[in-house]
Amino acid sequence: MFCFINYPSWIKPEVFSFLPIRWYAVMYIVAFGIAYLLFKYQVKHDQLLKISNDDIETLFMYCIILLLLFAHLFSVFFYSDAKYYLTHPWMIFWPFEEGKFVGLPGMSYHGGVVGAILGGLWFAKKKKQDFFLLADTACAGIPLGYTFGRLGNFINAELYGRVTASPFGMIFPNAQKFSTNYEWVQNICNECGIEYVLGEYVNLPRHPSQLYEALFEGIVLWLILWFICRPLIIKKGLKPGSMLSFYLFGYGFFRFFIEYFRQPDNNIGYVIALGDRSDNIALFQSFLNISKGQIFCLLMMASSIILFIIVNRRRKDVKR
């Protein structure tokens, strides 16, 4: 009896086999589109922000450009071989690999946040808008769009999670295989009903962590921000910047715990390894083994608390 799911064979990363367009890119376009529409909805119905349609488009252009730029830079310098790219800077934006066009693989969410904030600050200064009002309006809708970004990762069969014997485990076709000479691999195979031969390499079930993120960092977080935090902010008269702090804390909180289901990058492993065991990043072994992504999440949560305190101590004449 099998207790895992095979990755659906009918899912292909390319939209059309004869064109270099991938669902991953399409999903991010959908994500930006949803965030844009929810932003316009709030401008029209909440009437807290005075901004024209042309300026909304300009704001999103600034934020998206810097988001993509910093998401890639963070990936290059924090999750790849930073030394190589510092000595070969022209390779940072080189879109070819082994003679094939691959675009700009490698995007860091945390880098994207930095880029989007810088884009918002740039626009706010240029157009003399309140940055925190802009950020609050955007953050209320961003998680719903983010859901589709993680679905893009799932369609690409990438950013899968750790090995698991749970019924939620899924075998991804291009995941790293493990030698059956290891006892832990044999145990997983036995629990999942996978036949094996000693010495061969097998593909083991993994947590579909992209779907966990799509659910909790996307849909659940959006429901909290949109239906709980938005009314609360208006009712309590919280200052501009409060929604931004709620978003940063909420995302950091959900992502921190979902990281326990994700496998850290092989070239990085754990940044902090205080657990009794930390020898196998493919398996969850201890809550005290912390990845680099979790460090960024802790920084997000700490920053959100500081931000909330600061913005709500602003002078009383700063109102929504």
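Colleague: Which residues are linked in a network of salt bridges?

Modeller: This is a predicted model, and the structure in it holds 9 salt bridges. The residues that are linked in a network of such bridges are Arg150, Glu213, Arg255, Glu259 and Arg262.

Colleague: How many residues apart in sequence are the parts that the pair of Arg230 and Asp46 ties together?

Modeller: Arg230 forms a salt bridge with Asp46, and their closest N and O atoms are 2.6 Å apart. Arg230 counts as buried at 14% relative accessibility, whereas Asp46 is partly exposed with a relative accessible area of 24%. Because Arg230 lies in helix H8 and Asp46 in the loop between H1 and H2, the pair ties together parts whose separation in sequence is 184 residues.

Colleague: Asp55 also forms a salt bridge, so which residue is its partner, and in which helix does that partner lie?

Modeller: The partner of Asp55 is Lys127, with the closest N and O atoms 3.5 Å apart. Asp55 is buried, with a relative accessible area of 18%, while Lys127 counts as partly exposed at 35%. The pair links distant parts of the chain, 72 residues apart, since Asp55 is in helix H2 and Lys127 is in helix H4.

Colleague: Are Arg277 and Asp279 buried or exposed?

Modeller: The side chains of Arg277 and Asp279 meet in a salt bridge, at 3.6 Å from N to O. As for their accessibility, both Arg277 and Asp279 are exposed.

Colleague: Why is helix H5 described as largely enclosed by the rest of the structure?

Modeller: What covers the buried residues of H5 includes helices H1, H2, H4, H6, H8 and H9. Among those buried residues are Phe131, Leu133, Asp136 and Cys139. Helix H5 spans residues 131-139 and is largely enclosed because the buried residues number 8 of the 9.

Colleague: How far from Cys63 is the nearest cysteine sulfur?

Modeller: A disulfide is a covalent bond between the sulfur atoms of two cysteines. The structure holds 0 disulfides. Cys63 is accordingly in no disulfide, and the nearest cysteine sulfur, which belongs to Cys139, lies at a distance of 9.9 Å.

Colleague: With which residue does the side chain of Ser242 make a polar contact?

Modeller: Ser242 lies in helix H9 and is buried, with a relative accessible area of 0%. At 3.2 Å, the side chain of Ser242 makes a polar contact with the side chain of Asn312.

Note on methods: Residues numbered from 1 in each chain as written. Predicted model: local features only at pLDDT ≥ 70, side-chain atom pairs only at ≥ 80, totals over all residues. Heavy atoms only, no water. Buried < 20%, exposed > 50% of the residue type's maximum accessible area, 1.4 Å probe, protein only. Helix = DSSP H or I, 4+ residues; strand = E, 2+ residues; numbered from the N terminus. Contact = heavy atoms within 4.5 Å. Polar contact = N/O pair within 3.5 Å; in protein donor to acceptor, adjacent residues only side chain to side chain. Disulfide = S-S within 2.5 Å. Salt bridge = Lys/Arg side-chain N within 4 Å of Asp/Glu carboxyl O.
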